[in-house]
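Q: I have a structure open and would like to go through it piece by piece. Can we start with what sits around one of the ligands?

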Amino acid sequence: MADLTSEFVGIKSPNPFWLASAPPTDKEYNVRRAFDAGWGGVVWKTLGMEGPPVVNVNGPRYGAIWGADRRLLGLNNIELITDRPLEVNLREMKAVKRDYPDRALIASIMVPCEEEAWKAILPHVEETGADGIELNFGCPHGMAERGMGSAVGQVPEYIEMVTRWCKMYTRMPVIVKLTPNITNVLYPAEAAKRGGADAVSLINTINSITSVDLDNFAPEPMIDGKGTHGGYCGPAVKPIALNMVAEIARNPATADLPISGIGGVTTWRDAAEFLALGAGNVQVCTAVMTYGFKIVQEMISGLSEYMDSKDMTSVDQLVRKAVPNVTDWNQLNLNYVAKARIDQDACISCGRCFAACEDTSHQAIAMSEDRTFTVIDEECVACNLCVNVCPVEDCISMVPMEAGTTDPRTGKVVDPAYANWTTHPNNPSATAAE
Amino acid sequence: MVDDVFTPGIKAGRLEEGAYAAQFSDLHPPLDHHEALVAADRCYFCHDAPCITACPTDIDIPLFIRQIATGTPDAAAKTILGQNIMGGMCARVCPTEQLCEQSCVREVAEGKPVLIGQLQRYATDHLQQQGIHPFTRADATGKTVAVVGAGPAGLSCAHRLAMLGHDVVVYDARPKAGGLNEFGIAAYKTPNGFAQDEVDWLLKIGGICIETGKALGEGLTLDALKAKFDAVFLAIGLGGVNALGAQGEDKDGVTDAVDFIAELRQSSDLTALPIGRDVVVIGGGMTAIDAAVQAKLLGALNVTLVYRRGRDRMNASPFEQDLAASKGVRIVTHAVPVAVHGNGAVREIEFEYVDGAMKGTGEMLRLPADQVFKAIGQTLQGDGLPDLEGRKIAVTGAGRTSVKGVWAGGDCASGGDDLTVTAVAEGRDAAMDIHAALTA
Ligand SMILES: Cc1cc2nc3c(=O)[nH]c(=O)nc-3n(C[C@H](O)[C@H](O)[C@H](O)COP(=O)(O)OP(=O)(O)OC[C@H]3O[C@@H](n4cnc5c(N)ncnc54)[C@H](O)[C@@H]3O)c2cc1C
Ligand SMILES: Cc1cc2nc3c(=O)[nH]c(=O)nc-3n(C[C@H](O)[C@H](O)[C@H](O)COP(=O)(O)O)c2cc1C
Ligand code: SF4
Ligand code: SF4
Ligand code: SF4
């Protein structure tokens, strides 16, 4: 079985699966049970400064989006950082770390954007034996109005400044958690790096309203007739998170900045995808809030089975494996031609591919009297829409055309050479092909 | 004239030659990849799931189904087989409608359980068909254990002991290992030689030596085994068959259902296997149902199953009863056999209807019969066994018998409910207890 032990910015854990800072890591009781279930590490629920803690609304605090069979696809929350006193959290963290020395324990912190505030809290955190800190610059609600969380996360200069303070006042590795509620994730990532961050983690939750109560005319979750935007997370946000992780991983200025991947990780496969796109480990929140701590067992068995099948012996061998293949649109090969093929044995004649292609795309699927669906190569651009709407897995496939054959759509011979938009004659700013 | 379903007497080849394969094909054809994903998707990954509690081997069902759903059926198979080394056979033969699937929350809520048994088969087939044996042996302990009986209980115990580093010799009276997996289970539940394939796969762990044709009581004695081995596990099943107690029971054509089934399971050419035109099966358990259904599948014209109590009291589950009915078996209840008629060979069998208290009503029923199968229960056979409780070997805890150093499990031991899966569980648990005793 593949070795899943992980080392992230010098922090060791038996596997690359950490719990993200959120309700699952809010207290000793949870974290002990999480470690017993097999989680490699936790980022403790975000700590605030000393004194009276913040106050959460009673609830409802969550809204949701469901798929078929009420499968939870997206969760939205209006929780704040921990609403328990700092001393209690610190005491519990220390007790847990003492009993689980082989697991990673990271303190997530959010205090006002003042040097004194950070300087004051860091020694207390250090004293717990925590392995590192994560700066929460991402919380999209409640805290932002107080000049913390995503309010800081949206201003690269602040990120840089706070990161620098933390590097100054603690020996612990500093992970900067990034908010996705920005225009370009590279600005905050580069700022974190300039400030001396050991790593970034992303994404935090996305500003969202999941639904509207159409009888009471208020967004959900609705508290006494009113609602507010919350933070979106869960399977639905994974594609957004993957893209942001990949952007940082392939950006020359941040390529060497370790990344902890967060956002919709639900299965071993999601985790493997984050790792391949450049994350050194992953953090999970919604999936455990949906299914409980036990799902880590599936992540462990699945990732190790996958790594075995690829002859990978350590997690590092998977990390960044797909990064070289993430490129810009203008670098994609315009000479690559494929055609959709329908496996007639697998097809159940539902006609969804036809509706999609006929009504909205290229009119490249023919339907016979007896409901046989076939691809018209003369029209098919291989857009993949039919594949995505077909209810039968692997029923429609994209078959690349051999070089030298003629594409019946364009009448052109498929060219074996690579050619992209930058050299295409239709591109007004094309440079001549070499 | 070629024999067909109408030919009187006990005849082979009643059906078209090509018909047999379809008759005896898989009761539940395996799920294909897509079906497995759709079925797996329905599992809610319940907390402290009731289906796990209902499985006698405590398989972590939500975990293995999630492993299927996430595209790792081999990991799912390891989850299953780690608890139940015969997870492949159990997936085929467990009365899931009375076990795991009965307590699935979706059965309770919607009457449509997650297809746990079929998903279990999907996963175990996926791994076993690649010939992968995912377990390895611990360092040798130098201890040896004798297992008597190579059925599910014996093999499950042997495998776990071998895994723990002990060396095991399994003795079985029959010429082949497998117990009732090989000689008893209905053919359509385990077609294509699965029982032997599973035994071969199980033995890949190493450290298990199978000695067939060696019976306790005939050459082997418990004392000799105790002297030679560090521990003994008895898993001899129920070798005897109860008698009818009806007049004329010894006429030709009246046989034990288990022998008929064993013959059928061992037959390499079903077209050569004779079956009556009018078959009567007496009994109300799984054996009776299996004999009746298989008689029908072989081409018997009329098959009647006669049981002395009501359908609700039958050991065969409603699913099994419905299966029999769907194959054309007629089920008669509240009737006991009183006489077998015929001149040398059976021609008719006579029953008396009884009331709820099993008292004769005086109402009689005569059924034409050229073949009668007795299936009114199996019994423990053998002398010099440890103390009995009722008609089985008395056990406490994980299969400890009255004799020190001797454990027992499966059908021959007290408790349990005469299912393959319970036999596997008891074999495994006894192995753990033997291991604890040997390494204490
Ligand atoms: C017809 C029939 C159909 C069944 N169908 C199902 C079903 O669909 N699902 C289900 O869950 N259960 C079913 N069962 C029950 C199930 O087969 C048994 O509960 C299970 O096989 C018991 O396992 P075991 O290892 O205890 O005994 P067995 O499987 O009976 O194995 C005992 C072994 O011990 C050997 N043996 C016996 N005496 C001696 C001796 N003196 N010396 C050496 N070896 C000896 C035998 O040859 C045999 O190999 C069925 C039973 C029958 C009879
Ligand atoms: C209820 C809830 C509370 C959260 N609280 C915090 C928090 O205190 N600090 C933080 O950094 N992130 C917090 N998050 C964000 C998560 O750590 C994580 O970044 C996000 O949920 C995306 O991951 P997921 O898709 O696995 O849930 C919270 C998320 C949820 C659902
Ligand atoms: S969507 Fe798929 S299944 Fe439906 S008609 Fe098209 S190819 Fe067939
Ligand atoms: S072994 Fe039998 S009872 Fe247990 S889960 Fe599998 S099919 Fe169900
Ligand atoms: S009870 Fe049913 S839905 Fe729940 S875990 Fe078991 S199989 Fe899945």
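Q: How do the residues of the shell around ligand 2 divide into nonpolar, polar and charged?
A: In this predicted model, the shell around ligand 2 has 13 nonpolar residues, 13 polar ones and three charged ones.

Q: Which residues are closest to ligand 2?
A: Ala20(A), Thr46(A), Cys233(A), Cys285(A) and Thr286(A) are the closest, out of 29 residues that surround ligand 2.

Q: And which elements give two or more residues to that shell around ligand 2?
A: Four elements of chain A do: strand 4 (41-47), strand 6 (72-77), strand 16 (230-233) and helix 9 (286-291).

Q: Ok, ligand 5 now. Which residues come nearest?
A: Cys43(B), Cys46(B), Cys51(B), Pro62(B) and Cys104(B) come nearest, among the 15 residues around ligand 5.

Q: Which helix gives the most to it?
A: Helix 4 of chain B, with three residues. Helix 3 (50-54), helix 4 (61-69) and helix 8 (105-110) of chain B each supply at least two.

Q: New topic. How is chain B divided?
A: Into domain 1 (42-128), domain 2 (144-239 + 380-439) and domain 3 (243-377).

Q: How many residues of domain 1 of chain B are in contact with domain 2?
A: Twelve, and they meet 16 residues of domain 2 of chain B. On the domain 1 side, helix 6 (residues 87-93) of chain B gives the most, with five residues. The residues of that side divide into seven nonpolar, four polar and one charged.

Q: What separates the centres of those two domains?
A: 25 Å, taken over C-alpha atoms.

Note on methods:
Residues numbered from 1 in each chain as written. Chains lettered and ligands numbered in written order. Predicted model: local features only at pLDDT ≥ 70, side-chain atom pairs only at ≥ 80, totals over all residues. Domains from an automatic or database assignment. Contact = placed C-beta atoms within 7 Å. Nonpolar A, V, L, I, M, F, W, Y, C, P; charged D, E, K, R; others polar. Near = placed C-beta within 6 Å.
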